[in-house]
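Please open the structure in a viewer and keep the selection panel at hand. The stops below are meant to be taken in order.

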Amino acid sequence: MSVDIITPILAAAIRSGTPVLYAVMGEILSERSGVMNLGLEGVMLIGAFAGFSATQATGDPAVGIAASFLAGALVTSIHAFLCVTMGANQVVSGLALAMFGEGMSAMLGRNHIGQTIAGIKPFRVPLLGDIPIIGQIFFSHDVMVYASYILVAALCFFIFRTRPGLNLRAVGENPRASDAMGLSVARMRYAYTLAGGGLAGVAGGYLSVVYSQMWVEGMTAGRGWIAVALVIFSIWHPLRGALGCYMFGGVDALQMRMQAAGTSVPAPILLMMPYAMTLAVLVFISIRKRQGILLGAPASLGRPFRREERE
Amino acid sequence: MQTEPSAPLVSMRGVDKIFFGGYANKGIDFDLRRGEIHALIGENGAGKTTLMNILAGIYSPDSGRITVDGREARFRSPRDAIEFGIGMVHQHFMLIPVLAVWENMLLGLRDVGFVLDLRSMVSKIRDMSERYAMPVDPEAYVWALSIGEQQRVEILKMLYRGTNVLILDEPTSVLTPQETRELFAALRKMTDAGHGIVIISHKIDEVMSIADRVTVLRKGERVCSVEARLTAREALAEMMVGRALKRVKKSGGGPPGRAVLSCRGLCARNDRGMASLSGVSFDLREGEILGVAGVAGNAQGELCEVLAGLRALDSGEIILNGQDISGRSAREFIKRGVSYIPVDRRETGLAPNMNLSENIALKRYWRKPAAVWKIFMDWKFISGLTAQLVDAFRIQAPSPGSPARNLSGGNLQKLMLARELSDAPLVILAMHPVWGLDVGAAEFVHERLLEERARGAGIMLVSEDLDELFEMSDRIMVMSGGKIMGIAERPQDVSREEIGMMMAGVPMRAAV
C-alpha cells in the first residue's frame with residue numbers, strides 16, 4: 001500500500017481511538033486506586049447523552065463536554081459510594097452501573113434519536129500540522145484529540161513522578177500500609193473513582209459532540225467494554241494504554257474501509273482483536289509472574305478496605 | 001538518660017477496647033519513659049497488639065485517655081499518631097513490594113515537593129542508615145529484599161517521620177539470632193538518642209536481654225509493670241500464664257527405629273516458580289520427632305508440601321515404607337499414612353464455612369465407612385465419629401453442626417489434629433502446630449504429638465521457636481536457602497549459637 005492510502009487510515013485510527021482513550025485513562029486512575037469500574041459502557045452512554053443535550057440546549061460544545069464530565073462523575077458516585085463506603089462487590093456494582101447507564105440514556109434520549117447538533121470542528125495545528133504525513137496523522141483533528149495527547153503525558157508524569165501519584169499507586173497496592181502511613185484511603189479512592197467516571201463521561205461526550213455530532217441510542221457500541229479490556233492490555237500504564245487505543249482505532253478504521261471495499265474478511269474478526277490482545281497480555285503477565293517478576297493489577301484491585309477489620 | 005518517672009513520654013490510662021462483644025483490652029494503664037526499651041509481653045490473644053494498635057491510631061479505644069509528652073492525644077487515624085511522633089512496625093510489614101525503598105519511605109509525607117526527588121531522598125536515606133547502623137539500598141525494590149532488610153526499611157521509615165516512640169510487634173520472629181543482636185544494637189542507639197521503644201513479644205529470654213521494663217498482659221488486662229533486671233524469668237512466665245508452668249515431659253526415646261520416610265535429593269520450586277528446595281535428603285525414623293529449624297521462608301513450607309504430595313517435585317525421590325511414591329497424588333499420600341498439619345489452618349487446613357462433621361469427613365469422604373459405594377455419604381457414621389473426636393480432643397464448639405469458623409484458634413487446631421491423627425498415621429508433618437495458641441492449648445498439642453511418637457509415628461516438626469524444638473525433638477535439622485545445613489543427632493550437645501549459625505546459612509562443622 002502506498003503512503004496516500006495508509007496516512008488517512010492512521011489519521012482515522014487516532015480519531016476513532018480517542019473516545020476509548022479518555023475512558024481508558026479514567027479507568028487506569030480508578031483502578032490504580034483499587035476501585036474497578038466495569039460500568040464504563042453505561043457511564044460513557046450517560047456522558048454521551050449529557051454532552052449531546054447540553055450542546056443542543058446551549059449551542060456551545062465546550063459546555064457539552066463539561067456536562068459529559070460532570071454527568072459521568074455523578075453517575076459513578078453511586079459506584080464509589082457502594083464500593084468505598086459500603087464495601088460492596090465491585091464487579092456486581094460495576095455491571096449494574098453498565099446496565100443502569102444503558103437504560104437511563106436510552107430512556108432520556110428516546111425523543112432525540114437521530115437529532116444532530118453543531119459540535120466541535122476540526123482544527124489543524126499551525127506549523128505541526130504542516131509537517132508531511134506526521135501532521136496529517138496527528139495534528140489535523142479537533143481540540144479534544146490534542147487535549148488527549150496532553151492528558152496521556154500528564155498522567156504518566158503524575159502517576160510515576162509526583163508525590164500524589166506515588167500515594168495513588170500505594171493505595172491501590174496496599175491500602176492497609178497506606179492507611180498506616182497516614183493516607184486517607186477512602187478519600188483518595190473517591191477522588192480517583194469520580195475522576196475516572198468523569199473521564200469516561202468525556203469519552204462518551206466525544207462520541208456525541210465531536211465524532212458523530214448526533215444522538216444515537218447505544219452509540220458507544222461496546223467501546224466501554226473494549227476500554228476495560230485495554231486497561232488490562234496496558235498493564236495499568238497510560239502510554240501502553242494510548243498505544244492500545246490507537247491499535248483499536250486502527251482496526252476500527254481498517255474494518256470500515258474493508259467493508260466499503262467489499263473484501264471477504266468478516267468484520268467481526270477484526271473487532272475481536274482488542275479482546276484477543278487482552279487475553280494474550282494476561283498470559284504474558286502470568287508468565288512473568290512465574291519468572292518472579294511482579295507485573296499486573298494493583299494488588300488490592302477489587303478489594304474493599306476497612307481499617308479495624310482483622311485479616 | 002533516664003528522666004524522673006513522673007514525666008513519661010507516653011501515658012495510657014484505663015484503655016478499653018471491645019471486639020465482637022468481648023474485651024480485647026480492659027482498663028489498661030501503660031507508661032513509656034524517654035530512653036527506655038519497654039517490653040509488652042503476654043500470650044497470644046492477651047491484647048498486646050490491640051493496645052499498641054490503639055497507641056498507633058489504627059484502632060480507636062472505646063474508653064480511656066492517652067497523653068503524649070504531657071499533651072492529651074485523641075487519635076482518629078494513624079496520621080494523628082504520626083504527628084504525635086508515634087510509629088509502629090507491624091508484624092506483617094506495611095511495605096509496598098512493587099515500590100522501591102525510597103518510594104516506600106516517602107509514602108504519605110506531606111512536606112515533600114510535588115515532584116518526587118530521587119537524588120535528595122537517596123542521600124537522606126544513606127545518612128540515616130549510617131547514623132543508626134542499619135544498612136539498606138535506597139534504590140532497591142522492596143520485593144527483592146530479605147525479611148531482615150525489610151524490617152530495617154520499616155524502622156528507618158518511622159525514624160524519617162520524626163518518630164519518638166517506636167513500637168515493634170514481634171520484631172525477632174523473622175530474624176536469626178545474629179540478626180536479632182544487630183537489631184538490638186541499633187535499638188540501643190535509638191534509646192541513647194532519647195527515643196522510647198516498645199517491643200511486643202512472647203519470648204521471655206529475649207525480653208530479659210534487651211528490655212529495661214516489662215509490662216505483662218493477660219486476657220486483655222494488665223498484670224503488672226516491673227523493672228526487668230529486678231525480676232526473675234520464671235516469675236514473668238507465671239504472670240503471663242497465670243499459673244506455674246507445667247513442662248511437657250518427653251519420655252526417653254527408645255533405640256532409633258527404622259526409616260519410615262526417606263527423602264533423596266528433593267528439588268522443587270516455590271509459588272513464584274523459582275528454585276526453592278534444592279537437593280534435600282534425610283530419613284525420618286519411626287517413633288522420633290525430627291525438629292526442623294530455620295528462619296521463615298527458607299523452603300520449610302515447600303518441603304512439607306512436597307512430602308504431603310501437594311507440590312510437584314522437579315527431581316528426587318520420596319520413599320515411604322520402602323515404596324517410591326514421588327509423583328503420586330495427595331490422596332495417595334493420605335492413603336499410605338501421611339498426615340499433614342499445615343500452618344494456615346483457616347486456608348489449607350480446614351474449610352471454615354463447613355461444619356465440624358464436614359471438616360472431619362474431608363480426609364475420608366471417598367472411602368468406607370464414611371462413604372457408601374464411594375458416592376453416598378454416611379452422615380450418621382460421620383457425626384458419631386465427630387462426637388467421639390470432639391470428646392477425645394476436648395474441642396469446645398457450640399455443636400457438631402456449627403461452622404468451623406466460629407471456633408477459637410486453639411479449638412480449630414484441635415479439630416485439625418483430630419482429623420489428622422485419628423487414623424494412626426505413619427508420618428506426621430506438623431508445621432508450627434502451636435502457632436497462635438495459648439499455653440494450655442499448646443501443651444495439649446505437644447502432649448498429643450508425644451503420644452503419637454510413643455505409638456511409633458515418625459513426626460517432622462517445623463518451628464521457628466528454638467525453645468519448642470529443643471524441648472520436643474529427638475534430632476534437629478536446620479534449613480537455610482532450601483538446603484539442609486546439618487542435622488544435630490543429639491540436640492542437648494549443640495548450642496543455640498551453632499543452630500543460629502546454621503540458620504544463617506553456615507553449614508554444620510563435621511560431626512557435632
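What follows is a list of selections, with a short note on each.

**Before starting**

This is a predicted model, in which local features need pLDDT of at least 70 and side-chain atom pairs count only at pLDDT 80 or more, while totals for chains, interfaces and linings use all residues. Residues are numbered from 1 along each chain as its sequence is written, chains are lettered from A and ligands numbered from 1 in the order in which they are written, and side-chain values use heavy atoms, with hydrogens and water left out.

**Stop 1: a nonpolar patch on chain A**

Select A:I78, A:F81, A:L82, A:M86, A:F100, A:M104, A:M107 and A:L108, which form a nonpolar surface patch with about 690 Å² of accessible area together. Patches are made of residues with over 30% relative accessible area and no salt bridge; nonpolar side chains (Val, Leu, Ile, Met, Phe, Trp, Tyr) are joined within 5 Å and like charges within 9 Å. Accessible areas come from the Shrake-Rupley method with a 1.4 Å probe, and for residues only the protein chains shown count as cover.

Helices α3 (61-85) and α4 (90-108) of chain A each supply at least two residues of this patch, and α4(A) gives the most, with four. Helices (H or I, at least four residues) and strands (E, at least two) are DSSP runs, numbered from the N terminus. Next pick A:F81, in helix α3 of chain A. A:F81 counts as partly exposed because its relative accessibility is 41%; buried means under 20% relative accessible area, exposed over 50%, and partly exposed in between (1.4 Å probe, protein chains only).

**Stop 2**

Go to A:E173, in helix α7 (residues 163-173) of chain A. Not counting residues up to four places away in sequence, A:E173 touches A:A297, A:P298, A:A299, A:S300, B:I96 and B:V98. Contact means heavy atoms within 4.5 Å.

**Stop 3: a backbone feature on chain A**

Select A:I235, in the loop between α10 (223-233) and α11 (238-261) of chain A. Its phi is positive, about 50°, although A:I235 is not a glycine. A:I235 is buried, with a relative accessible area of 10%.

**Stop 4: the loop between α4 and α5 of chain B**

B:A133 is in this loop and has a positive phi of about 55° although it is not a glycine. B:A133 is partly exposed, at 48% relative accessible area. B:L145 also lies in the loop between α4 (118-131) and α5 (147-160), and is buried at 13%. Leaving aside neighbours within four places in sequence, B:L145 is in contact with B:V101, B:A140, B:Q150 and B:V153.

**Stop 5: salt bridges on chain B**

Over all chains, the whole structure has 32 salt bridges. Select B:D80, in helix α2 (residues 78-83) of chain B, together with B:R76; the closest N and O atoms of this salt bridge are 3.9 Å apart. B:D80 is buried at 14% relative accessible area, whereas B:R76 is exposed at 70%.

Then show B:E420 and B:R419, whose side chains meet in a salt bridge at 3.0 Å, N to O. B:E420 is buried, with a relative accessible area of 5%, and B:R419 is buried at 6%. Elsewhere, B:R285, B:E288, B:R475 and B:E489 are joined into one network by salt bridges that share partners.

**Stop 6: a positive patch and a cis bond**

Finish with B:R331, B:K335, B:K368 and B:K374, which form a positive surface patch; the place of a charge is taken as NZ of Lys, CZ of Arg, CG of Asp or CD of Glu. B:K368 sits in the loop between α12 (356-361) and β17 (371-372) of chain B and is exposed at 74% relative accessibility. The peptide bond from B:K368 to B:P369 is cis, with omega near 0°.

Key:
Salt bridge = Lys/Arg side-chain N within 4 Å of Asp/Glu carboxyl O. Lys, Arg positive; Asp, Glu negative; His and termini not counted.
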